[in-house]
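Have the structure open as you read.

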Amino acid sequence: MNTHDHMIDNFSKSELFKNLPADQINEIICIGSTQPLKPKAILFYQGDPAKNYFWVKQGTLKLSQVTEDGKEITLRYISPGDMTAALAIMKQKEYPVTAQAMEPSTVVAWNRSQILKIMEKFPRVTINALSIVLEQLDDMQIRYMELCTQQVEQRVARTLMRFVRTSGKKNNNGICIDIPLSRKDIAEYIGTTLFTVSRVLSMWEKKGWLKTSKGQIIILEPHKIVEFSEEI
């Protein structure tokens, strides 16, 4: 399989291009532009005019927002196959978040006129995009409920399992969360302190549930963490 065919195959596995034949995917690829990102590179800043709609082909993006008092909040991590900036570009507003590459990443970008052309010509893309946006909103509501109703240890457990579902890769030791995820990243994501996350992860590491190293978490006993997330 050559590079172009491999890219089309990646697209076909994405929810955004679900049920689209290869020739239509190829046409959509040609309309957009591919952009590589180095680790820590900023794709766009909060407050910038929304010019492009992005689909993640490879890597992981962190979406964060700075509050009025200067506190940074991590809202979401975007994995391969996910999209971002859909609502901002359709409403012709500013980006509400900053998007930063967590690792070497590649995105495909379409400007507003291009994405409107795609949606008009391929209604299935519109249906799929709406489904993804609704799923993202549902995920945000679930996380908000977790923040309001659950103890911090349970939020850590549920967050780890969320990353397992989106970025987990099995190896001989367990399930590796395949993005460079620090304890600080987890703390920002669930709205707690670095000290608290470090305490919880260290406790679970001593129990043999997981193993941590710089920028990597391996889940050794996923069923233990799932049980813990549900029992509190």
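Let's begin with a pairing: strand E2 (residues 42-44) and E7 run antiparallel to each other, joined over 2 bridges. Keep in mind that this is a predicted model.

**Strand E7 and its partners**
- Leu 63 has Ala 99 in E7 as its bridge partner.
- Within E7 (residues 98-101), Thr 98 and Gln 100 point one way while Ala 99 and Ala 101 point the other way, and all are buried.
- That pattern is what you would look for, because side chains in a regular strand alternate between the two faces of the sheet.

**The largest pocket**
- The largest pocket holds about 880 Å³ of space.
- Its lining counts 31 residues, with Ser 79, Pro 80, Asp 82, Thr 166 and Ser 167 nearest the centre.
- H6 is the top contributor to this lining, giving 5 residues.
- By class, the lining is made up of 12 charged, 11 polar and 8 nonpolar residues.

**The second largest pocket**
- The second largest pocket contains about 500 Å³ of space.
- Of the 19 residues lining the second largest pocket, Leu 63, Leu 87, Pro 96, Val 97 and Gln 136 lie nearest its centre.
- Elements giving two or more residues to this lining include E4, strand E6 (83-84) and helix H3 (86-90).
- H5 gives the most here, with 4 residues.
- The lining divides into 13 nonpolar, 3 polar and 3 charged residues.

Note on methods:
Residues are numbered from 1 along each chain as its sequence is written. This is a predicted model: local features need pLDDT of at least 70, side-chain atom pairs count only at pLDDT 80 or more; totals for chains, interfaces and linings use all residues. Side-chain values use heavy atoms; hydrogens and water are left out. Buried means under 20% relative accessible area, exposed over 50%, partly exposed in between (1.4 Å probe, protein chains only). Two strands pair if DSSP finds at least two bridges between them. On a 1 Å grid over the protein atoms alone, a cavity is a set of points where a 1.4 Å probe fits but cannot get out, and a pocket is an open set with protein on both sides within 12 Å along at least five of seven lines; lining residues have an atom within 4 Å of a point. Grid points are joined across faces, edges and corners, and a volume is the space filled by probe spheres set on the points. Ala, Val, Leu, Ile, Met, Phe, Trp, Tyr, Cys and Pro count as nonpolar, Asp, Glu, Lys and Arg as charged, and the others, Gly among them, as polar.
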